[in-house]
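Good morning, everyone. Please take a look at the model on the screen before I start talking.

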Amino acid sequence: MDIISKSNSSLKYLYRQAENLNKQTKKTLCSALIGSSFDYSISSWYHGISNPLRKKLQITQNKVLRYIKGSGPMVHVGQTELASEGLLNIETRAKQLGLKHMYKT
């Protein structure tokens, strides 16, 4: 999926700049460069993709969270860790954006 490869390449670039950035800047850059790709029309395409692809999207989001927190690659990322940074898992985010779109309509 194009979103995953785009996110991974952006994250690879951000890792090279990690030592020059503080946590808040990392979070802002990830939101702008990666989060916007995830959120774009997610409410329309997320429910039509397969479970393995959903898992890959969640894994990519977990990588982003590890980058923000400065954790190693084997650190567990669950609901608690996502909530500590004010993030939702991919499935919940898709539902939230879908409901927000319906509310606006």
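First, some ground rules. This is a predicted model, where local features need pLDDT of at least 70, side-chain atom pairs count only at pLDDT 80 or more, and totals for chains, interfaces and linings use all residues. Residues are numbered from 1 along each chain as its sequence is written, and side-chain values use heavy atoms, with hydrogens and water left out.

Now the overall build. How many helices and strands are there in the chain? Six helices and zero strands. In sequence order, the pattern reads α-α-α-α-α-α. Helices (H or I, at least four residues) and strands (E, at least two) are DSSP runs, numbered from the N terminus.

Next, dimensions. Along its principal axes, the C-alpha trace spans about 40 × 30 × 25 Å.

What about the surface? The accessible surface comes to about 6,800 Å², and 56% of that belongs to carbon and sulfur atoms. Such areas come from the Shrake-Rupley method with a 1.4 Å probe; for residues, only the protein chains shown count as cover. Of the 105 residues, 34% are buried. Buried means under 20% relative accessible area, exposed means over 50%, and partly exposed is in between (1.4 Å probe, protein chains only).

Contacts are next. Contact means heavy atoms within 4.5 Å. Take contacts between residues at least 6 apart in sequence: 61% of them join residues at least 24 apart.

Start with Leu-14, in helix α1, residues 2-16. Is Leu-14 buried or exposed? Leu-14 counts as buried, because its relative accessibility is 2%. Leaving aside neighbours within four places in sequence, Leu-14 is in contact with Leu-29, Cys-30, Leu-33, Ile-34 and Tyr-67. Val-64 is 50 residues away along the chain, with 9.8 Å between the two C-alpha atoms.

Tyr-15 is also found in helix α1. Tyr-15 is partly exposed, since its relative accessible area is 44%. With neighbours within four places set aside, Tyr-15 is in contact with Lys-63, Arg-66 and Tyr-67.

Third, Trp-45, in helix α3, residues 42-45. Trp-45 is buried, at 18% relative accessible area. Not counting residues up to four places away in sequence, Trp-45 touches Met-1, Ile-3, Phe-38, Tyr-40 and Leu-57.

Last stop, the largest pocket. Its volume is about 380 Å³. Which of its 16 lining residues are closest to the centre? They are Gly-35, Asp-39, Gln-61, Leu-87 and Arg-93. The elements giving two or more residues to this lining are α2 (23-39), α4 (51-69) and α6 (90-104). The largest share, seven residues, comes from α2.

How is a pocket found? On a 1 Å grid over the protein atoms alone, a 1.4 Å probe must fit; a pocket is an open set of points with protein on both sides within 12 Å along at least five of seven lines, and lining residues have an atom within 4 Å of a point. Grid points are joined across faces, edges and corners, and the volume is the space filled by probe spheres set on the points.
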